[in-house]
Amino acid sequence: MVQDNFLGNYSSCVAARSTNRAILAGSQDGGIVTQLFAFALEEGIIDGAIVAGPGDEPWRPRPMVATSVAELYAARGTKYNISPNVSFIKEATRSYGLDRVGIVGTPCQMQAVRKGQLYPVGLRDVPDKIALAIGIFCMENFPYQSIVQLVEDHANTKLENVTKLDIGKGKFWVYTERGAVVQLPLKITHKYEQPGCHVCLDYVANLADISTGSVGTPDGWSTVFVRSKKGTDIWSKAMAAGCFETKPIEEVKPGIELVTKLATEKITKNRKTIEERSSFGVGKGLRNPYI
Amino acid sequence: MSDKITAGHVHMSGCTGCEVAIADNYAGLLTLLDKYVDWVYDLTLADVRHIPEMDVALVEGSVCINDKISVEEIRQTREKSKIVVALGSCACYGNITRFCRGGQQNQPQHEAFLPIGDIIDVDVYLPGCGPSPQLIKNVCVAAYLLLKGSDDQKALAEAYLKPLMMLSKRGTEACFCDLMYDVIDQGLCIGCGACAAACPVRAITHEYGKPQGQRDLCIKCGACYNQCPRSWFSFDVVNQYESIMETIDAAMAP
Ligand SMILES: Cc1cc2nc3c(=O)[nH]c(=O)nc-3n(C[C@H](O)[C@H](O)[C@H](O)COP(=O)(O)OP(=O)(O)OC[C@H]3O[C@@H](n4cnc5c(N)ncnc54)[C@H](O)[C@@H]3O)c2cc1C
Ligand code: SF4
Ligand code: SF4
Ligand code: SF4
């Protein structure tokens, strides 16, 4: 078990991608999330998974309890705005009747899940039913209206024509149906970020069973941290079933060094923000949630 | 036997849902009683009329200040218990009993109810309407380890209980508004959805990712605030979630 101040505890870290072409076709990166859930669903490790499904407007996610592979496929890809996936965590065990729940979420959503398991104030019978919590790396999130403004105003593109949004290599990328690619420098996107993200102290979902993101590996691949006992068990079963092609993280560029660098930058910057909040006013500060 | 702690259930003005939540640990309750706890007082289950000395008193319900016996019993509970736990949202925050206006049979004059923390000092809050059987289990095991465990176990139990102890000092009011005052208005909300999941009356929805409360539906239970990862969050504890859950599971193995 590696214990790292910024990257959390993990039993292994690899570069990986799904061996299923159909999954990769609509996934954000290496299709890790969709592949893992599809495998877990087929093996009966989970009865369903809470994912960010399609919503009422283009690129506006709505949390969805996926109980079939088709539903998992419909939720592939990153929506860079808020999907309150945790809001379904109790409902999944009630109306949907799941005994083994999968959930994907940002690092803060993993924090909510683990706090909920340790302190289930309003989560009766939920703690023992979390079967697979997959975390996705996250530098920041956006309100939906920010995405509208970035894509429609700054990138001059209609949201309904967008086929993929991505943040990588220091840019915000907008891909369209007709093959156009618009890139915005991140200095434009920063001011549109969700403010709550600026006190966030986790980049790579340290509390997930398995966490994954694009940073560290080449296009079409993903960096994967296998963390908990549950995660380790499920990952090794999925590997044995041939779900993933992997490479040692040491053999890919840019590798784990970039992950460490970004995690350190994010957390250091946000610690400073928390510090600044404490003297925000005149003799008065803003709340620090961390005790 | 001597290694067990003594505990009891003190029934103030609550619906017995909290007591049922204790029982909803099923076999776990038997393990608790078998290994860790002597259940010395409980109007529903034990034939003891007067509040005895005990290590831990789990108090369900708010205090009807128009009822002399209730007031006397909550005072005695404080005097005779080492640790007073406010069990459930009525004891912590008043919850649904805040809305009482009296007039009910057969004591129509009983109309004013206060959370126990407005009458006595409380050591630990265990909120929820009803409190979840799992939180009750976790707190019971932690309380046992705190009083009887090894040094390591004591430290772990203390860290685990700390936020719930802090809650008992924070106050006796709860509402959806707490999320506005302490989380949303403070620029801390990240739209995770935990508040909506926790609300027992589905008063919270997410509009464009952010929680909206239908405040007319809110029963003032405090579940949303306490479930929120941005109300209070202890990395010391939550980073150890796996080992804490394993410790509790091991303790609860029959
Ligand atoms: C807001 C945000 C910021 C991110 N920032 C980074 C970053 O800085 N660095 C990095 O390496 N990776 C980041 N990612 C993760 C990355 O974009 C991919 O989501 C991740 O690599 C998984 O890709 P995949 O191909 O394995 O998953 P896929 O198979 O494409 O599945 C993705 C899963 O995530 C779910 N999902 C999509 N959007 C959301 C959302 N908003 N909230 C919760 N769940 C969602 C989908 O429903 C789907 O189940 C971020 C993701 C999000 C949502
Ligand atoms: S940056 Fe942090 S708080 Fe913001 S969405 Fe990502 S994980 Fe959540
Ligand atoms: S639980 Fe807290 S952080 Fe999460 S959506 Fe509700 S108010 Fe926001
Ligand atoms: S909004 Fe719901 S969870 Fe929050 S205090 Fe009111 S009733 Fe309780």
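Accessible areas come from the Shrake-Rupley method with a 1.4 Å probe, and for residues only the protein chains shown count as cover. On that basis chain A exposes about 12,200 Å², and carbon and sulfur atoms supply 51% of it. The model is predicted: local features need pLDDT of at least 70 and side-chain atom pairs count only at pLDDT 80 or more, while totals for chains, interfaces and linings use all residues. Residues are numbered from 1 along each chain as its sequence is written, chains are lettered from A and ligands numbered from 1 in the order in which they are written, and side-chain values use heavy atoms, with hydrogens and water left out.

Chain A has eight helices and 13 strands, where helices (H or I, at least four residues) and strands (E, at least two) are DSSP runs numbered from the N terminus. Its radius of gyration is 19 Å, close to the 19 Å that the globule rule gives for 291 residues, so chain A is as compact as a globular protein of that length. The radius is taken over C-alpha atoms, and the globule rule is 2.2 Å times the number of residues to the power 0.38. The C-alpha trace of chain A spans about 55 × 50 × 45 Å along its principal axes. Of its 291 residues, 56% count as buried; buried means under 20% relative accessible area, exposed over 50%, and partly exposed in between (1.4 Å probe, protein chains only). Contact means heavy atoms within 4.5 Å. Among the contacts in chain A with a separation of 6 or more, 64% are between residues 24 or more positions apart.

Chain B contains 11 helices and nine strands. The radius of gyration of chain B is 18 Å, close to the 18 Å given by the globule rule for 254 residues, so this chain is as compact as a globular protein of that length. Its C-alpha trace spans about 55 × 50 × 30 Å along the principal axes. Buried residues make up 57% of the 254 residues. Of the contacts in chain B between residues at least 6 apart in sequence, 74% join residues at least 24 apart. The accessible surface of chain B is about 11,000 Å², with 52% belonging to carbon and sulfur atoms.

The two chains meet in a contact that takes 50 residues from chain A and 55 residues from chain B. The area buried between them is about 4,600 Å², of which carbon and sulfur atoms give 58%; buried area is the accessible area (1.4 Å probe) that two parts lose on being put together, summed over both. A:Tyr119, A:Val121 and A:Ile291 supply 18% of the area that chain A buries against chain B, more than any other three residues.

A:Gly116 gives a local view of this contact. It lies in helix 4 (residues 107-118) of chain A and is buried, with a relative accessible area of 2%. Leaving aside neighbours within four places in sequence, A:Gly116 is in contact with A:Leu123, A:Pro127 and B:Gln227. A:Gly116 and A:Pro127 are 11 residues apart in sequence and 7.0 Å apart in space, C-alpha to C-alpha.

Ligand 2 lies between chains A and B. The residues around it include A:Cys108, A:Cys138, A:Cys197 and A:Cys200, together with B:Ile190 and B:Arg230; a residue is near a molecule if one of its heavy atoms lies within 4 Å of it. By class, this shell has seven nonpolar, two polar and three charged residues. Ala, Val, Leu, Ile, Met, Phe, Trp, Tyr, Cys and Pro count as nonpolar, Asp, Glu, Lys and Arg as charged, and the others, Gly among them, as polar.

Ligand 3 is surrounded by 13 residues, the closest being B:Cys189, B:Cys192, B:Gly193, B:Cys195 and B:Cys228. Helix 7 (177-184) and helix 8 (194-198) of chain B each supply at least two residues of this shell, which divides into 10 nonpolar, three polar and no charged residues. Of the 13 residues around ligand 4, B:Cys199, B:Cys218, B:Ile219, B:Cys221 and B:Cys224 come nearest. The shell of ligand 4 divides into 11 nonpolar, one polar and one charged.

Some backbone details remain. A cis peptide bond joins B:Cys129 and B:Gly130, with omega about -15°, and B:Gly130 is in the loop between strand 7 (124-126) and helix 5 (133-148) of chain B. A:Asn156 has a positive phi of about 55° although it is not a glycine, and is exposed, with a relative accessible area of 68%.
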